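Here are my notes for your read-through. Keep the model open beside them and check each point as you go.

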Amino acid sequence: MTERTYSACIVAAGRGERAGGGEPKQFRLLAGAPVLCWSAKAFDSDPDCAEIVVAHGPGQADQVYAALGDVRTPVRLVEGGSSRTRSVENAVRAATCGRVFIHDAARPGLTARVLSDLSTALDDADGAAPALPLSDALVRDGAAGIEAVDRSGLWRMQTPQAFHTARLIEAFETQRDQDFPDEVSLARAAGFEVRLVPGDEANFKLTWPEDFARAETMLAPSGPQAAMSVTGIGYDVHRLAPGDGVHLCGVFIACPLRLIGHSDADAGLHAITDALLGAAGLGDIGEHFPPTDDRWKGADSAMFLQHAVKIAAEAHAFPVHCDVTLICEKPKIGPHKTAMKVRVAALLGLDSRRVNIKATTTEKLGFIGRGEGLAAEAAVTVRLG
């Protein structure tokens, strides 16, 4: 019997600028989950998928892990290359199975039927890929004006594109100095046989801003089985003392102050962590990272929030929004809000537009007004699914 176990290689190293949103589209929220999560979940549901290899951009490993949520299939990360072809090659060389299915992270509508058809086609071909016929008339706008183009024999290519791993690596070797738009083009250049299987209209690629609205409608749950959203609240206080700077919401602010605490005393991230744990029904930060444990002395508070994201995902709770209020007289928060939004969004696996940072004072009243400390409040909304 033909062995059908495969490695899913997801290409998630692009910048996705045409799609808008201010961050790579693979990390943007879509129907309550990051785009990358939808692609990974499709493979996670396929019993033939033995591992998921994600090719990501420089410094994006934390975002990838946060975006994957509660995926149970073993995951391996590799850094992408200078082009799509090089990113795919890095992922394929890291794969451990005899077959590889290469998929765009920005195609969240992958179906089980497409995966099954690819596996069958690959039983007696070098490669296989889903494709759709062209239904619209085609024209070319050239020097002579608009000219009709015969669409017979033309197809719209999709992913995953499936290959025998050793054969695809052979193609990379023989076509070493070239880049290709997809792996079918690479395989054909190497002289391999590639078989087409029927694609799926739901498996379209998120390219333009309007594509997100279309995908949101397709993927968002509705009716009595729709996912529930709940909100958790977090609050934290830390004393201030003379120093050379403070960490707040994952951003270092150089100033003549420091925050006193067992870890780096980032009250913003502590409040967010507590809010997320609360929304997921998982206790509080002190239960998971007790201040009596020397392992957390001076620790980066991002570790706490990353842990909360991970265990919340295991409890099927996925962040969809975060609102933070920093309460202090000093330091000034305004110049650092944007950096804080970006950092918190990365840690939570959210579009930065789903994070809000506010700051206020106590009008010189109380310990905050006297400059003895600062506080942070956070509200994190999660989708339970």
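1. β17 gives the most to the lining of the largest cavity: 3 residues. Strands such as this are DSSP runs of E, at least two residues long, and helices are runs of H or I, at least four, all numbered from the N terminus. A lining residue has an atom within 4 Å of a cavity point; cavity points lie on a 1 Å grid over the protein atoms alone, where a 1.4 Å probe fits but cannot get out.

2. This is a predicted model, in which local features need pLDDT of at least 70, side-chain atom pairs need 80 or more, and totals for linings use all residues. Residues count from 1 along each chain, and side-chain values use heavy atoms, without hydrogens or water.

3. The largest cavity has a volume of about 90 Å³. Volume here is the space filled by probe spheres set on the points, which are joined across faces, edges and corners. Of its 14 lining residues, Pro34, Ala66, Phe318, Pro319 and Leu348 are closest to the centre. Two or more residues come from each of α2 (61–68), α10 and β17 (317–327).

4. The lining has 12 nonpolar, 2 polar and no charged residues. Nonpolar means Ala, Val, Leu, Ile, Met, Phe, Trp, Tyr, Cys and Pro; charged means Asp, Glu, Lys and Arg; the others, Gly among them, are polar.

5. Now α10 again. Helix α8 (residues 267–280) packs on helix α10 (residues 302–314) at about 15 degrees, with axes 9 Å apart. Axes are lines fitted to C-alpha atoms over the stretch in contact, and angles run from 0 to 180 degrees between N-to-C directions. The two helices are therefore roughly parallel (under 35 degrees).

Note on methods
Parallel < 35°, antiparallel > 145°, perpendicular 65-115°, else oblique. 1 Å grid on protein atoms, 1.4 Å probe; cavity = no way out; pocket = protein on both sides within 12 Å on 5 of 7 lines; lining within 4 Å.
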